[in-house]
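I opened a structure that was new to me and went through its side chains. These are my notes, in the order I looked things up.

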Amino acid sequence: MNYGFVLPGGTARTAADYAREAENAGWDGFFVWEAPWSTDAWVSLAAAAMVTERIRLGTMLTALSRMRPWKLASETATLDDLSGGRVVLSVGLGAPDTGFAEFGEVTDRRVRAELLDEGLDILTGLWQGQPFRYEGKHYQIEPVSFYATPPPLVQKPRIPIWVVGAWPRPRSMLRAMRYDGLLPAVMDKEQVRMGAATPAEIAAIKTYVDERREQSGPFDIVVDGTTPGDNPDAWRELVLPYAEAGATWWIESPWNAPDEESVLKRVRQGPPRVD
């Protein structure tokens, strides 16, 4: 299992400082959050890339429906080159209560899903280089003849993409299985999120993916939560069942941390390794 840490807030300088601390403490990934109005995620990750060498870098997560896909393609390709091939892109419908309506972003779930699907098509298409043409419901793109951002050449065949999948919704799961990883969101019949997946649900998800995924190559199953960094017995009891169920990443997510000092303390305590 790999272990990542998501920074719940702060400036780009904070991201750089904490990413360096995370790498020194043995974490495998460092992630920042992204909202319509917040510290810019990609500037923060660029700052983190300049002071680290090994740790993977990404968002947790990018709501692709409110992005210009070609701008995101440029940002991720640029960061992948800058970091030496360490980018992970996490995408989903996003949380509308983070300011979508206030800034005129689309809030309708169905439309956001359409924008997500088309955005993923455009991202992966542009990453392959020019000429690229796309004809969708929401986006139409023609090839460009002027100087364009070169495709990311470090990671092959592309920057890994983790996609939120609503379990057990077949359409949502199929979207995630087309790419490189799954961030599971357990839903009830009314599509209300039910909280974090249990180890038993992760095991069921892994079986589902193994039986139905058509693409070749590795596929990550990503879970998140919080662990007591000073109590190995307690974190082992929490994290080990997920590792045994088939999860490949644990993301430490201190969203409710009282202050930056407590976040930094948890970073320095290191990942809750069970392997």
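**Entry 1: charged pairs**

I started with Asp17, which forms a salt bridge with Arg20, the closest N and O atoms being 3.2 Å apart. For the term, I take a side-chain nitrogen of Lys or Arg within 4 Å of a carboxyl oxygen of Asp or Glu. Before going on, I noted that this is a predicted model, where local features need pLDDT of at least 70 and side-chain atom pairs count only at pLDDT 80 or more, while totals for chains, interfaces and linings use all residues. I also noted that residues are numbered from 1 along each chain as its sequence is written, and that side-chain values use heavy atoms, with hydrogens and water left out.

Where do Asp17 and Arg20 lie? Both are in helix H1 (residues 12-25), three residues apart, about one turn of the helix. My helices (H or I, at least four residues) and strands (E, at least two) are DSSP runs, numbered from the N terminus. An α-helix has 3.6 residues a turn, so residues three or four places apart point the same way.

Next I checked cover, calling a residue buried under 20% relative accessible area, exposed over 50%, and partly exposed in between (1.4 Å probe, protein chains only). Asp17 is partly exposed at 31%, and Arg20 is partly exposed at 35%.

**Entry 2: a bridge from H1 to H8**

I then found Glu21 and Arg268, whose side chains meet in a salt bridge (3.0 Å, N to O). Glu21 is in helix H1 and Arg268 in helix H8 (residues 260-269), so this pair ties together parts that are 247 residues apart in sequence. With a relative accessible area of 25%, Glu21 is partly exposed.

While at H8, I asked which of its residues are buried. They are Val263, Leu264, Arg266 and Val267. Looking down the axis of H8, I saw that these buried residues fall within an arc of 160°, so they line one face of the helix. The arc is that of the directions from the helix axis to the C-beta atoms. Glu261 and Lys265 are exposed on the other side of H8.

Arg54 and Asp28 were next: their side chains meet in a salt bridge at 3.8 Å, N to O. This pair links distant parts of the chain, 26 residues apart, with Arg54 in the loop between helix H2 (41-50) and strand S3 (56-59), and Asp28 in the loop between H1 and strand S2 (29-32). Is Asp28 buried or exposed? Asp28 counts as buried at 15%, whereas Arg54 is partly exposed at 40%. Salt bridges that share partners join Asp28, Arg54 and Arg273 into one network. My tally for the structure is twelve salt bridges.

**Entry 3: rings**

I turned to aromatic pairs: rings of Phe, Tyr and Trp (its six-membered ring) with centres within 6.5 Å, counted as stacked with planes under 30 degrees apart, edge-to-face over 60 and tilted for the rest. By this rule there are eight. In one of them, Trp70 and Tyr139, the ring centres are 5.6 Å apart and the planes at 85°, so I logged the pair as edge-to-face. Trp70 lies in helix H3 (residues 69-83) and Tyr139 in the loop between strand S6 (134-135) and strand S7 (140-141), so the pair ties together parts 69 residues apart in sequence. Trp70 is partly exposed at 35%, but Tyr139 is buried at 9%.

Tyr242 and Trp250 have ring centres 6.0 Å apart and planes at 55°, so that pair is tilted. Tyr242 is buried, with 11% relative accessible area, and Trp250 is buried too, at 2%. I also jotted down that Phe31, Trp162 and Trp249 form one aromatic cluster.

**Entry 4: a loop residue**

I finished with Glu214, in the loop between helix H6 (199-212) and strand S10 (220-225). Glu214 is exposed, with a relative accessible area of 75%.
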